[in-house]
Amino acid sequence: MLHEIIPDNDRLLVPHVIKGVVQLDAAVEHRSRASGSTVMTPSIDLDSLIWPRSQPGPAFDTPLAEIVDFLVEVGKALDFDRNIHLQEAAAYNLRCNSLGARILENCYRDIAWFFTRDAVEAEAEQSLGSLDVLDGWARRDIQGTAFDIRAFPPRMVHVLAGNAPIVPPVTIVRGAISKGVHLLKMPSNDMFTATALLRTMADVGPNHPVTRSFSAAYWRGGDVSIENHILRSQYFDKLAVWGGEAAVRHAMQYAAPGFEIMSFDPKVSISLIGREAFDGVPLATIAERSAADIIAFNQDACSCARFQFVEGSDEEVDRYCEALVEAMGQDIRYGTGPDGPLPPAMLIDELDMLGNLEPIYRLFGRPDGKGMVIRSSEPVSFNPGGKLVNVVAVDRLADAIQHVTVATQSVGVYPPSRIAEVRDGLSSAGAQRIVGLGNINTGKFGGLPHDGGWPVHKMMHWVVTEAAKD
């Protein structure tokens, strides 16, 4: 169905949405670095990308309850079967994104969930602790002195990542809660999700303060004719950057007094599997849970496991690897089974070499898109990808902690009852999220820390004033 929406010509028109107004003129030609496709975008008026500091943002004084009500209505309008913006985004992204039609459609069908009342309210309440600081000046008595504190709305630029279509809805919901003004820079491998959401917001409330608080545009990353003019404290408070190391390092060069960088760094996730996997629950079931943590989003997301540490004998671990390859070849909601991505060519060459070093290393599967496993006694020196996972045999789950760093995002543990014995060590080493095996890519949005912090709290401009004395 999605392929039927795509126009026959080779060029795609990428819309911009500027403060709630849709721009559709094809003025600038770009080539997608992800696919090589030619796309056309509107020209960028630099003045239109900023909200003057001399004026409050449209939603600065809008009550949070009204913002939540509006987001809930937007969520109702994000029914994929009725929303032409989402349908077009899913279809057009086939030209610049590698996830494939089925996974893209599933992602878009699930986007409305980010806008549910429970999710939005939990994100606001848990991030800020007390909501009175968001709707105005909140009086606090601290050490016998009265102060008024406010989480003042921010002015932000967001450099989005394109490896999963969940980044735009997460950013928009958090930005709306903050009441600030937000410019979204779209990535070359997802030029359509952010504008599809903002166009839906414009349909629901064309003049709503939240609608007028967001803009989304595409320009080539590193374009100094744009970035050098707008990425400065004269216009914005913070730059939030998602993506790989190159994107984060590029963003860091703009850090300056009064202009802060919020970085959602590139991360790696892992699994810890206890010897209980070989006693009780069928091994195939354990492997299915593991595969769900590995193959989602083509293993490109930070949440996807690339290393697994398994307690057991060599024979048991090899049986697990065989079951895992079988499970990785099955479709899941956000992952492709039999026709998935391949490991990069340079890794395939290295795997061929390691395959000659049995029993130190052992390979399971082939580079055919169904998935591969390399079993070893120590983690391999490269970062597995393309449906390739490194299974490391260990005597104790605690032995894996020495391989955890601040770049470790999520850890899936089986059985979940063993989380308690490893969570302190994992946290001290740098891990940021610990869940039951199979739950890494099914976790709920709303009310939980992200990458070791509370993003909405970090977004805010926290101001304190000493209360007037009589």
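**Cavities, contacts and backbone features of the predicted model**

The largest cavity is lined by His-158, Thr-171, Arg-174, Ala-240, Trp-242, Met-262, Phe-264, Pro-455 and Met-459. A cavity is here a set of points, on a 1 Å grid over the protein atoms alone, where a 1.4 Å probe fits but cannot get out, and lining residues have an atom within 4 Å of a point. The structure is a predicted model, in which local features need pLDDT of at least 70 and side-chain atom pairs count only at pLDDT 80 or more, while totals for chains, interfaces and linings use all residues. Residues are numbered from 1 along each chain as its sequence is written, and side-chain values use heavy atoms, with hydrogens and water left out.

The space in the largest cavity is about 40 Å³, a volume being the space filled by probe spheres set on the grid points, which are joined across faces, edges and corners. At least two lining residues come from each of α6 (167–178), β11 (238–242), β12 and α14 (455–459). Helices (H or I, at least four residues) and strands (E, at least two) are DSSP runs numbered from the N terminus. In total, the structure holds two cavities of 30 Å³ or more.

Pockets were treated separately, a pocket being an open set of points with protein on both sides within 12 Å along at least five of seven lines. The second largest pocket has a volume of about 190 Å³. Its lining consists of Val-268, Ile-270, Phe-307, Phe-309, Pro-379, His-403, Val-404, Thr-405, Ala-407 and Thr-408. Two or more residues of this lining are given by β13 (268–273) and by β14.

Ala-429 belongs to helix α13 (residues 419–429). Ala-429 is partly exposed because its relative accessibility is 23%; the class lies between buried, under 20% relative accessible area, and exposed, over 50% (1.4 Å probe, protein chains only). Between Ala-429 and Glu-245, which are 184 residues apart along the chain, the C-alpha separation is 21 Å.

Tyr-254 occupies the loop between α9 (245–252) and β12 (260–264). With a relative accessible area of 9%, Tyr-254 is buried. Apart from neighbours within four places in sequence, its contacts are Glu-227, Asn-228, Leu-231, Phe-259 and Ile-261. The side chain of Tyr-254 makes a polar contact of 3.1 Å with the side chain of Glu-227, and a polar contact of 3.1 Å also joins the side chains of Tyr-254 and Asn-228. A polar contact is a pair of N or O atoms within 3.5 Å; within protein, one must be able to donate a hydrogen and the other to accept it, and residues adjacent in sequence count only if both atoms are side-chain atoms. Thr-145 is 109 residues from Tyr-254 in sequence, and their C-alpha atoms are 38 Å apart.

Rings of Phe, Tyr and Trp (its six-membered ring) were paired if their centres lie within 6.5 Å, with planes under 30 degrees apart counted as stacked, over 60 as edge-to-face and the rest as tilted. The count by this rule is six aromatic pairs. Phe-297 and Tyr-334 form a stacked pair, with 5.2 Å centre to centre and 15° between the planes. Phe-297 lies in the loop between α10 (283–294) and β14 (305–311) and Tyr-334 in the loop between α11 (314–328) and α12 (345–354), so the pair ties together parts that are 37 residues apart in sequence. Both Phe-297 and Tyr-334 are buried. Trp-113, Phe-114 and Phe-445 are linked into a cluster by ring pairs.

A charge sits over a ring if NZ of Lys or CZ of Arg is within 6 Å of the ring centre and within 35 degrees of the ring normal. Lys-19 lies over the face of Trp-51 at 5.2 Å from the ring centre, and Lys-185 over the face of Trp-219 at 5.7 Å.

Backbone geometry was also examined. The peptide bond between Glu-358 and Pro-359 is cis, with omega about 5°, and Pro-359 is placed in the loop between α12 and β15 (362–364). A cis peptide bond also runs from Tyr-414 to Pro-415, with omega near -10°; Pro-415 lies in the loop between β18 (408–414) and α13. Gln-143, not a glycine, has a positive phi of about 55° and is exposed, with a relative accessible area of 81%. Lys-387, likewise not a glycine, has a positive phi of about 60° but is buried at 1% relative accessibility.

Definitions and conventions:
Contact = heavy atoms within 4.5 Å.
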